Amino acid sequence: MEKFRHLSDNKEREIPMEKLEKPEIKEIGSVLEKAGFEAYLVGGCVRDLSRGQEPKDWDITTNAKPEEIQKLFPDSVYENQFGTVGVKIRRETTEIVEVTPYRLEGKYSDKRHPDEIKFAKTLEEDLARRDFTVNAMALRLTIDLKQKTKNLVDPFGGQEDLKNKILRAVGNPEERFQEDALRLMRAVRFMAQLGFKIEEKTEAAIKTHAGLLEFISKERVRDEFSKLLLAENAADGIRKMQELGLLKIVLPELEEGVGVGQNKHHIYTVFEHNVRALEYAAKQNYDLTVRIASLLHDVGKPATKYGEGPDSTFYGHQVVGEKMVLKILDRLRFPKEMTEKVALLVREHMFVYDPETVTDAGARRLVRRVGKENLEDLFRLREADRIGSGVPKAQPYRLRHLKFRIEKVMNDPISAKMLKVNGEDVMREAGIPASPKVGAILAVLLEEVLDDPALNIKEILVARIKSLAQMEDKKLGEMSKFARQSADQAQTRIEEEIKKKYFVK
Ligand code: ATP
Ligand code: MG
């Protein structure tokens, strides 16, 4: 208690108290204090309040023990192994404020989780276990909001660092990163979120201990990495990860593009181009999926580079990239659905949109391959790619033209379901039982209708079913295989032609 008093005797600080007009939160504080405990807002919310921003969530710390907290708030839930109690803000809501007893830094034998949870006696001890000075401040909850008070507890100079936009480890940075290597990622994440500089010694320690990130669970890394990508300065964060040796642990595939030059259509290396695509996606406030797709869209380039200098090529990089994305995002434990969508966007990001080349059939195939629901994101990715190249060609008209075309063909058949005949019709008209042959006939019909939607008339299709059914199984099998592949092949063919036209002298 003594120790704590001298801390709160720090000189007065100004905090935008009006942001603290959250009666429900203050109520939790006064319940704790009336019961004889201390209660402080702590961590991220104090940092955000000090910057004049609305905190995302409110964390309270107290010298009450978990059971004591629970007794005071019967509606609460005991949340985790850290002694945190989730207290409902109001009876009727699900919104929860985390109330955590003062804790000590645990010993981390495995560099991942503290071996045991030890409670601390004082607020100062609790603040000392926190990662960065700007995250190691506390604000007493029951202050009179009309006053500027002495209730901010800031033993490590967090306010000063906030003012100077500096991210600095609390205590000895070397030790702090060794205790919990996730802090390596957190440093870069906060840098990117807050637009701060990492203090010199802190940065040097990150560089020294970057390798420890290997010990951290993929899920924790994923969460920090996602927050970094969603930050305003995500691109700077990725550059910093690269500089400090964190990127080669989290995303070595992206690191491969460092120093890999491109051809005359680009002024940046593969790495810088990927990062700049992300930079644009962040500037546009695109979602996590589009941001990751932007960052990874050319990840297949180093492996497919052919030749050197202005005429070097990267044929097939989008297909190689798709496979790499599936591996990368699976390894990083991103949800399957998101992984597959990013892979799809990367695979399709080279779509052709030259109005002279794209036919209605081509536009239909694009819609079929990508899916209507993903088109908008694919366009976003392409835009990020274009701007991120540093030499954006004036393309908006072409893209608009493709969008127009897609809209026009949107109601044309793009999946077997939209054919005017179905499997039943095929079986009846061809006089065959359910078999792979039915699927083969449908595939051929669909391909033909994609080329010419005017054929999607029941009578015409029935006639065609009859003639297809006469065919030898082998021949029909080949035709359907070709039909199934032809969408992709047509796309590749057109691409190669265009490349020949513009690429080679
Ligand atoms: P956000 O706005 O992203 O929630 P935050 O600062 O609240 O930012 P949290 O991850 O929610 O970050 O953590 C809350 C607080 O707990 C931090 O401000 C910091 O004081 C402390 N903290 C969290 N993780 C660590 C860690 N790995 N090592 C030390 N302190 C940590
Ligand atoms: Mg938080």
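**Exercise 1. Determine how strand S4 pairs with S5, and name residue partners.**

Strand S4 (residues 85-88) runs antiparallel to S5, with four bridges between them. Strands are DSSP runs of E with at least two residues; helices are DSSP runs of H or I with at least four residues; both are numbered from the N terminus. Two strands pair if DSSP finds at least two bridges between them. Now take the partners. Gly 86 faces Glu 98 in S5. Val 85 has Val 99 of S5 as its bridge partner.

The model is predicted: local features need pLDDT of at least 70, side-chain atom pairs count only at pLDDT 80 or more, and totals for chains, interfaces and linings use all residues. Residues are numbered from 1 along each chain as its sequence is written, chains are lettered from A and ligands numbered from 1 in the order in which they are written, and side-chain values use heavy atoms, with hydrogens and water left out.

**Exercise 2. Locate the nonpolar cores.**

Step 1. A nonpolar core is a set of buried Ala, Val, Leu, Ile, Met, Phe, Trp, Tyr and Cys residues joined through side-chain atoms within 4.5 Å. Buried means under 20% relative accessible area, exposed over 50%, and partly exposed in between (1.4 Å probe, protein chains only).

Step 2. Apply them. The largest core has 99 residues, and Leu 41, Ile 238 and Met 241 have the most contacts inside it. Helix H8 (residues 182-194) gives the most to this core: nine residues. Another core, of 20 residues, lies apart from it and includes Leu 442 and Leu 461.

**Exercise 3. Classify two helix pairs by axis angle.**

Step 1. Axes are lines fitted to C-alpha atoms, for helices over the stretch in contact, and angles run from 0 to 180 degrees between N-to-C directions. Contact means heavy atoms within 4.5 Å.

Step 2. Take H8 and helix H10 (residues 218-230). Their axes come within 8 Å and cross at roughly 15°. H8 is therefore roughly parallel to H10 (under 35 degrees is roughly parallel, over 145 roughly antiparallel, 65 to 115 roughly perpendicular, the rest oblique). Residues that meet include Leu 182 and Met 185 in H8, and Val 221 and Phe 225 in H10.

Step 3. Take helix H23 (residues 436-451) and helix H24 (residues 458-470). The axes come within 11 Å, crossing at roughly 130°. H23 and H24 are therefore oblique to each other. Among the contact residues are Ile 441 and Leu 445 of H23, with Leu 461 and Ile 465 of H24.
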